[in-house]
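Me: Please take a close look at one part of this structure. Then carry on from there into the rest, in one connected account.

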Amino acid sequence: NKKIGFYENLKDKQGNVYPRWNTTCKDTNDVSRIRTQLLKMSENTCIFCGERIGDSKMDVDHYLPKSQFPYVAYCWENLLPTCKYCNQTLKKDYIPSALKEKKIVESIISDKFEYDYIYDKQHLLTNIAKDDRLIDPTFDDPEEHLEFNPEFYFYEGKTEIGKITADKLFNRHKEVAEKWEGLSRFIKNIVMIIDDDPLAIVSSLIIDVAGYEHICLEFYEYWRNEKQAGRI
């Protein structure tokens, strides 16, 4: 009933959806338990790029943006923990083309508002927006759709949604490439100067601090192979 009331009183005087994912269900530290649980779900990392984040660096992203889909603004399955850069600079208000101009509502308010679809992630992402959307890491296995190229610092899409995700979030952005290049150089230096297997060092120095676990391990394997082949 409380959530239904949220949808009935959805927007402020400026027409913005009330950010109740940030302002309700607060714990003794005045932090929304919604934010806490999202961070816990992703092991304190951005669900898109893998960067280590805490509450202050986190945005609650809406996979279906609240600007066009306000009636799923409070739907748990539509919320994703991301870094501010991925949410505000890269993804922004990306909408799958198959869902543009469609009205989607959460099931608990389907008797109160007109709609084209009731929010059902399985149906929407498998049948309606099958090949023209971003990967949702809470629904898709990213490794089925993306492969990281550690030599040139970019993701290669293995499927249509992998290609869309790689281009939208990673490959066409200088800042992303520069950050990954810096990680690559750092891991290369570790591999070059440490005789023993440096995986534990990589884990403790980079992954535990910055996140990027998958990317760091890809760089590690690449530079270890280059060293064993005598190319560095």
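Reply: Strand S5 (residues 146-149) pairs with strand S6 (residues 154-157) in the antiparallel sense, over 4 bridges. Pairing requires at least two DSSP bridges between the strands. Strands (E, at least two residues) and helices (H or I, at least four) are DSSP runs, numbered from the N terminus. Leucine 146 has glycine 157 of S6 as its bridge partner. Between S5 and S6 lie 4 residues. Tyrosine 153 sits in that turn, with a positive phi of about 60°.

A word on the basis. The model is predicted, so local features need pLDDT of at least 70 and side-chain atom pairs pLDDT 80 or more, while totals for chains, interfaces and linings use all residues. Numbering runs from 1 along each chain as its sequence is written, and side-chain values use heavy atoms, without hydrogens or water.

Next, the salt bridges. The structure holds 15 of them. Each is a Lys or Arg side-chain nitrogen within 4 Å of an Asp or Glu carboxyl oxygen. Aspartate 167 bridges to arginine 172, with the closest N and O atoms 3.6 Å apart. Aspartate 167 is partly exposed at 32% relative accessible area, whereas arginine 172 is exposed at 65%. Buried means under 20%, exposed over 50%, and partly exposed in between (1.4 Å probe, protein chains only).

Lysine 84 and aspartate 59 meet at 3.0 Å, N to O. Aspartate 59 is buried at 11%. Lysine 84 is partly exposed at 35%.

Glutamate 8 and lysine 112 also form a salt bridge, at 3.7 Å between the closest N and O atoms. Here the partners are 104 residues apart: glutamate 8 is in helix H1 (residues 2-8), and lysine 112 is in the loop between S3 and strand S4 (117-118). Glutamate 8 counts as exposed at 52%, lysine 112 as partly exposed at 41%.

Lysine 100 is in the loop between helix H4 (84-91) and strand S3 (104-105). Lysine 100 is partly exposed, at 46%. Leaving out residues up to four places away in sequence, lysine 100 touches Gln68 and Ile95. Contact means heavy atoms within 4.5 Å. The C-alpha atoms of lysine 100 and glutamine 68 are 8.3 Å apart, across 32 residues of chain.
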